[in-house]
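Please read the following report alongside the sequence and the coordinates. It goes from domains to the chain interface and then to a pair of helices.

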Amino acid sequence: MAQFLHKKRPKSQIIGEFFAEWGIRLTASFSIVVIFLIFIFVFREAGGLIFGTAKELKPKVEKKVEGADDLKPEIYNPETGEIAKIKEPEKKSSKKKEEKSIWENLAGDVWQPVGKEPKYGILPLLSGTIKVTLVALFLATPLAIFAAIYSAFFASRRLREWIKPTVEILAGFPSVVLGFFCLVTIVKGVNFITTFIQPGLDAFASGLGYIMPFADSFFREAFTISEFHYSSFVGGIGLGLAVIPIIFTITEDALSAVPKSYREASLALGATEWETAFKVMLPAALPGVVAAVLLGIGRAFGETMIALMATGNAALMSWNIFHPVRTLAATIGSETGEVQWGSLHYNILFFLGILLFIVSFTINAITELFVKKYLAKKFQGA
Amino acid sequence: MNPESVAQKPNKKNVLEFFALGLPAFSAYALIILIILLLAHFIWHGMPGMSWAFLTESPRNNNTEGGIFPAIYGTVILVFIMSLLGVPIGTATAVYLSEYAKQSSVFARAVRFGVNTLAGVPSIVFGLFGVGFFMQFIGKGIDTTLGSDMWSKPSLLWSAATLSVLTLPVVIVSVEEALRTVPQELRAASLALGATKWQTIWKVVLPNSLTGILTGSILAIGRGAGEVAPVIFVGAVYSLPELPDSLTDQFMHMGYHIYVLATQSPNAAEALPLQYSSTLVLLLLAFSLNITAGLIRMRIRKNNS
């Protein structure tokens, strides 16, 4: 009988089946391939910087020996390929003036890519990105997590069916719209408020300074109102709006995934509803909450449009949250369009892209491999 | 236990209880009110400028008059090509994850990891990827083989390709969900009647999850329509003399239009009313798609439960 069934299936069908399955598998590998492609090709465009460092320094040495031979570096070009040729002479001249290696330049604290002596210090960009991310998280995390707790444990079923779609509406806001909102409206509100909240901020800063006396001056600096209109604070509000739905949704899912038996056991032991929520359910879902916050960090770190429109885009190096900042993503967004293709500046912008990619990849890897596995293990058999 | 501590304990507990119950409630209501206010803000400021002419005319006089038709057109064409490119790949990946993959298989876990990672990559990095891969590698490759010079430039095609990669996780996740709602009995019945696995997928599973695939596409379009960062360098332009009519043309884009107008306009104050209207159009576009997808999804869930 079994043989009969086998005979009935024509060979073409078996071959077709084989190709269908492997075609599907091949297509499914696309997502993995794309990750590699992103890394390879963003890396490739930054290549002039990463592989070319030694090569870019070499002609400089030769130049010293041979004197002013401007044609030399243009011919000497084994790796960057044709795009780099156009810009090469100019690059060299700027190099000669600085007499610094490109890595020293990158580690500097001034970002001034245009000018006679371009400075590519990424420290202000990094500190700016971190600052604005911290502001966004500081504003968004408590709100989102508390709202998620309310939605998961305290809200009535009907109310809950309202909360989740409403937050999804916020998730559906294109970031350019949120950026526009910050640019036009939030900035007015912030400027209005800051005219009379300095005493409150002072108190807040000295409070923090009291807790952590070693960082007292740091906190005082961080919370001093400045005359700048657009600042990391304004941008942070916008980024916070973008981050809230992520943190809310993932936290809510994690809280709802905690087995009902936990709650029942806690209530049966005489704990009240809120004690159960905060002392049993929240700790049980903690890995999920951590994942939510991590993914929120990832989003805020790489968000472009809001940062581009609301943070003032000045590469200042300060910890004052009322100073403008220029984030990594905003720098890429605003400068890649105008930069000469293949120039050192172009390479550096792609290098910044790699930094962003690595940060987001690491955050995802941590949540995927560490947090989720922990969560799965914890509730197995529950 | 002495009476003092007994008297103290409930008091402390009351304060704690007040905050433990109050803070979540406050946060939830504050969040909802905030979102409703945000929506109302855009509707309030955007509605006055909305008119048929606004939707069908080209901008005039530095965007203080006229409409945004070219930007709407460009965005719609863009997301249409994007879904043509992305939805088949996303659906195939979802079919693999739901029909072929074994839970323990390393490849399946790698695919899942890839999809999740892709979902977290900042959109600006996709823009750089579009430049580095689609324009500088594939486009340049085509140009050197054909001897042309139009493929390595920013264009509609490369923007759509970049966005299709960006929205791939959205398609995969929602199609996979739809495939999983197809009852196992249908597959079993099909296989029992002698159909092969692929025949079952092609003739039974996929037709039964067509609405799910549609939902995935709509969600992806809603997401793609709002993304600006990836298309800044690969094809979007601020103004165009005429509408794009080939894949290698550049195009106007709603989000990019809003961004440039807001940050680089010479007379921002005068352009503001129409800008609010543009923003409202973009929001309506994104939300109508999201809401449609949500309704379809709810119907699928209801039908299957």
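Domain bounds, as used here, come from an automatic or database domain assignment. The model is predicted, so local features need pLDDT of at least 70 and side-chain atom pairs count only at pLDDT 80 or more, while totals for chains, interfaces and linings use all residues. Residues are numbered from 1 along each chain as its sequence is written, and chains are lettered from A and ligands numbered from 1 in the order in which they are written.

Chain B is divided into domain 1, residues 3-48, and domain 2, residues 52-304, and the centres of these two domains of chain B, taken over C-alpha atoms, are separated by 37 Å. Five residues of domain 1 of chain B are in contact with six residues of domain 2 of chain B, where two residues are in contact if their C-beta atoms, placed from the backbone, lie within 7 Å.

Between the chains, 64 residues of chain A are in contact with 64 residues of chain B. Helix H3 (residues 30-45) of chain A gives the most to the side of chain A that touches chain B, with eleven residues; helices (H or I, at least four residues) and strands (E, at least two) are DSSP runs, numbered from the N terminus.

| Contact of H10(A) with H14(A) | seven residues | one residue | one residue |

The secondary structure of chain A comes to 20 helices and two strands. Within chain A, helix H10 (residues 157-172) and helix H14 (residues 232-257) pack at an angle of about 135°, with their axes 8 Å apart; axes are lines fitted to C-alpha atoms, for helices over the stretch in contact, and angles run from 0 to 180 degrees between N-to-C directions. H10(A) and H14(A) are therefore oblique to each other, given that angles under 35 degrees count as roughly parallel, over 145 as roughly antiparallel, 65 to 115 as roughly perpendicular and the rest as oblique. In this contact, A:Val167, A:Glu168, A:Leu170 and A:Ala171 in H10(A) meet residues of H14(A) that include A:Leu241, A:Ile244 and A:Phe248.

Note on methods:
Nonpolar A, V, L, I, M, F, W, Y, C, P; charged D, E, K, R; others polar.
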